[in-house]
Amino acid sequence: MGPTERVARARTAVAALALPPGSRALVACSGGPDSLALAATLAHVAPRQGWVAGAVVVDHGLLPTSAADAARAAATCERLGLPTEVRRAQVAGRGGPEGAARDARYAALTEAAGAEGIVLLGHTLDDQAETVLLGLARGSGARSLAGMAPATGRYRRPFLSLTRADTTGICTDLGLTPLQDPSNALDGPWRRADGGPLLRSALRHTVIPALEEALGPGVVPALARTADLLRADADHLDALADEALARARVDDDATHAPSSSMTLEVAGLERLPDAVRTRVVHRAIMGVAPPGARGAVGSRHVEAVDRLLVEYRGQGIAHLPGFVRARREGGRLVIEDQGETRGREGR
């Protein structure tokens with residue numbers, strides 16, 4: 001008897017990654033339905049494609065059961081035929097429990113993958129819809145509304161065309177018992193600062209069901225389709241912005257790597273369409289801002305620096321997150337990390 005329809009679709013989606021034979025492919029497995037279904041799928045597809053497959057389980061250490069849950073997920077992956085590594089993440093930093101855990105998880109996965117490894121993530125169509133709604137709620141631009149890309153650097157998301165119901169069903173079809181993450185529940189152990197449920201939990205259990213009741217059952221695929229359409233637009237505008245930034249830079253760093261300062265020629269930038277010019281400004285800020293300050297860069301900061309380009313009337317410095325400052329010097333825009341500058345001067 002052959003695979004069920006949803007198991008077959010999952011296997012087709014993973015095989016469509018078309019990695020070269022010999023590629024090292026690791027699945028990030030929490031033991032939940034999405035990642036467990038992906039682990040089982042990779043275990044089936046990898047030997048047929050000539051890939052070297054494995055699994056990484058990240059123990060965030062946030063619950064009393066975290067270590068036992070990680071060990072159980074790892075044991076299941078091993079039974080599927082995937083050599084598995086458990087990594088303990090250090091969860092700390094900005095962004096609340098969701099953001100801090102995500103940053104720690106990606107750091108652990110990147111380290112586990114090494115220089116050549118590809119990491120498969122179990123994000124589904126439902127996750128994509130939630131990402132779009134989060135972007136809308138935050139008043140984000142096209143890049144955020146474009147959601148998660150199927151491929152980002154070393155990461156691949158082959159299940160973006162499958163639903164959460166599909167992955168749960170795949171586990172049932174294959175006789176797998178997934179773990180249930182309590183943080184996904186509406187009354188989970190972590191809360192927002194205002195006492196409410198975590199944003200994704202609220203979307204999953206309250207907002208999307210309400211939208212489906214009001215608008216019909218096609219809300220989730222429609223939101224995901226919106227992300228796909230916006231991603232194509234955002235990719236094109238980002239490419240134009242990259243070219244414009246490269247032309248405008250007058251510093252001596254030929255590699256254009258992140259540095260403590262950046263100088264841009266205003267001529268040419270001020271005539272660009274808003275959608276391209278503001279992307280140039282954002283890239284310039286992010287190229288100078290220290291890593292800890294980049295998450296705080298928002299639209300008001302981009303607008304303040306953009307006014308130095310197109311509405312310059314002799315105004316002073318634009319203050320940006322961290323110790324980053326932007327100022328106009330004649331026909332040039334200078335963005336500088338004053339904290340880094342003072343550190344060099346004090347040495």
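Thanks, everyone. Before anything else: the model is predicted. Please keep that in mind throughout.

I will start with the overall make-up. The protein has 13 helices and 10 strands. Its C-alpha atoms fill a box of roughly 75 × 50 × 40 Å along the principal axes. Of the 347 residues, 44% are buried. The accessible surface comes to about 17,300 Å², and carbon and sulfur atoms account for 54% of that surface. On contacts: if we take those between residues at least 6 apart in sequence, 67% of them join residues at least 24 apart. As for charge, there are 41 positive and 40 negative side chains. The centres of these two sets lie 1 Å apart.

The six-strand sheet is open, its order is 3-2-1-4-6-5, and the pairing is mixed. Which strands are at the edges? They are strand 3, residues 84–88, and strand 5, residues 151–152, and each of them pairs on one side only. Strand 1, residues 24–28, runs parallel to strand 4, residues 118–120, and three bridges connect them. If you want a place to look on the screen, find Leu-26, which stands opposite Val-119 of strand 4.

On one side, five bridges join strand 10 to strand 7, in the antiparallel sense. Here Met-262 has Ile-335 of strand 10 as its bridge partner. Strand 10, residues 332–337, also pairs with strand 9, residues 324–329, again antiparallel, and over six bridges. Two positions to look at there: Val-324 stands opposite Asp-337, and Arg-327 has Val-334 as its bridge partner. How much of strand 10 is buried? Five of its six residues are, so to speak, under cover, as the cut-off for buried is under 20% relative accessible area.

Strands 9 and 10 form a hairpin, with two residues between them. In the turn sits Gly-330, which has a positive phi of about 60°. Is Gly-330 buried or exposed? Gly-330 is exposed, because its relative accessible area is 56%. Its C-alpha atom is separated by 9.7 Å from that of Gly-314, which is 16 residues away along the chain.

Next, the aromatic pair. The count of aromatic pairs comes to one. The partners are Tyr-106 and Tyr-155, with ring centres 5.0 Å apart. Why is the pair called edge-to-face? Because the planes stand at 75°, and the cut-off for edge-to-face is over 60 degrees. Tyr-106 lies in helix 4, residues 96–113, while Tyr-155 lies in strand 6, residues 155–156, so the pair ties together parts that are 49 residues apart in sequence. As for cover, Tyr-106 is partly exposed, at 21% relative accessibility. Tyr-155 is buried, with a relative accessible area of 9%.

Two single residues remain. The place of Ser-201 is in helix 8, residues 199–215. Ser-201 counts as buried, at 3% relative accessibility. What is Ser-201 in contact with, leaving aside its neighbours within four places in sequence? The partners are Ser-183, Asn-184, Ala-185, Leu-186 and Thr-206.

The other residue is Gly-2, in the segment before helix 1, which covers 5–15. Gly-2 is exposed, with a relative accessible area of 53%. From Gly-2 to Glu-329 the C-alpha distance is 70 Å, and the two are 327 residues apart in sequence.

Note on methods: Residues numbered from 1 in each chain as written. Predicted model: local features only at pLDDT ≥ 70, side-chain atom pairs only at ≥ 80, totals over all residues. Heavy atoms only, no water. Helix = DSSP H or I, 4+ residues; strand = E, 2+ residues; numbered from the N terminus. Buried < 20%, exposed > 50% of the residue type's maximum accessible area, 1.4 Å probe, protein only. Contact = heavy atoms within 4.5 Å. Areas by Shrake-Rupley, 256 points an atom, 1.4 Å probe, with all protein chains shown as cover. Lys, Arg positive; Asp, Glu negative; His and termini not counted. Charge placed at Lys NZ, Arg CZ, Asp CG, Glu CD. Phe/Tyr/Trp six-rings, centres within 6.5 Å; stacked < 30°, edge-to-face > 60°. Pairing = 2+ DSSP bridges.
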